[in-house]
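Welcome! Keep the picture beside you and try each exercise before reading its solution.

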Amino acid sequence: MLSLSRRTGLVAGVVLMVASVLTASVASSAEREKTNTVMTVGEMCGGCVKKITKRFDGVEGIAKVQCSIEKQSVTLTPKDRVRLSPKGIWEIMESIDKTPTKMVTPEGTFTSKPKK
């Protein structure tokens, strides 16, 4: 049987280990959010979600496409070490008649087509 001080030390070690794992997960999530591109569109329905998802699924460098009908938004998550082109993303949205009303990227916030 372990002494009380040894059990306390083991419990403290486990708590620190769990805390460091949770902190790393939160930091990773926060870092990913900093690389995401989030666009707001004027209208969105189920057909829009299918059209947007289908169009971005074929774009190299995009890991994930999330659409929210409730928020009327599209979130693009790039693959690791990839920076998405704000102008390129805007032009893709224009090509499917879903011009963003607002786009937030790591390069800045846009309410009109970015220059690059």
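Predicted model: local features only at pLDDT ≥ 70, side-chain atom pairs only at ≥ 80, totals over all residues.

Residues are numbered from 1 along each chain as its sequence is written, and side-chain values use heavy atoms, with hydrogens and water left out.

**Exercise 1. Describe the secondary structure of the chain and the order of its elements.**

Step 1. Begin with the elements: helices are DSSP runs of H or I with at least four residues, strands are runs of E with at least two, and both are numbered from the N terminus. The chain has three helices and five strands.

Step 2. Now follow the sequence. The pattern reads α-β-α-β-β-α-β-β.

Step 3. Finish with burial, where buried means under 20% relative accessible area, exposed means over 50%, and partly exposed lies in between (1.4 Å probe, protein chains only). Of the 116 residues in the chain, 28% are buried.

**Exercise 2. Work out how the strands are arranged and which helices pack on the sheet.**

Step 1. Find the strand order. The five strands make an open sheet, E2-E3-E1-E4-E5, with antiparallel pairing. Two strands pair if DSSP finds at least two bridges between them.

Step 2. Look at the edges. E2 and strand E5 (108-110) each have a single partner strand, so one side of each is left without a neighbour in the sheet. From one strand to the next, the twist averages 10°.

Step 3. Zoom in on one pair. E1 and E3 are joined in the antiparallel sense over four bridges, and Val-38 stands opposite Thr-75 in E3.

Step 4. Axes here are lines fitted to C-alpha atoms, for helices over the stretch in contact, and angles run from 0 to 180 degrees between N-to-C directions. Contact means heavy atoms within 4.5 Å.

**Exercise 3. Find the residues that touch the most other members of the largest nonpolar core, and the elements that supply it.**

Step 1. Recall what to look for: a nonpolar core is a set of buried Ala, Val, Leu, Ile, Met, Phe, Trp, Tyr and Cys residues joined through side-chain atoms within 4.5 Å. In soluble globular proteins, nonpolar side chains tend to be buried together.

Step 2. The largest core has 19 residues, and Ile-52, Phe-56, Ile-62, Val-74, Leu-76, Ile-89 and Met-93 touch the most other members.

Step 3. Trace the suppliers. At least two residues each come from strand E1 (37-41), helix H2 (46-57), strand E2 (62-68), E3 and helix H3 (86-95). H3 gives the most, with four residues.

Step 4. Not counting residues up to four places away in sequence, Val-74 touches several residues, including Val-38, Ile-52, Val-65 and Met-93.

**Exercise 4. Decide whether Thr-77 is buried or exposed, and find what its side chain meets.**

Step 1. List its contacts. Leaving aside neighbours within four places in sequence, Thr-77 is in contact with Asn-36, Ile-62, Ala-63 and Lys-64.

Step 2. Look closely at Asn-36. Thr-77 and Asn-36 are 41 residues apart along the chain, yet their C-alpha atoms are separated by 4.8 Å. Their side chains are joined by a polar contact of 3.2 Å. A polar contact is a pair of N or O atoms within 3.5 Å; within protein, one must be able to donate a hydrogen and the other to accept it, and residues adjacent in sequence count only if both atoms are side-chain atoms.
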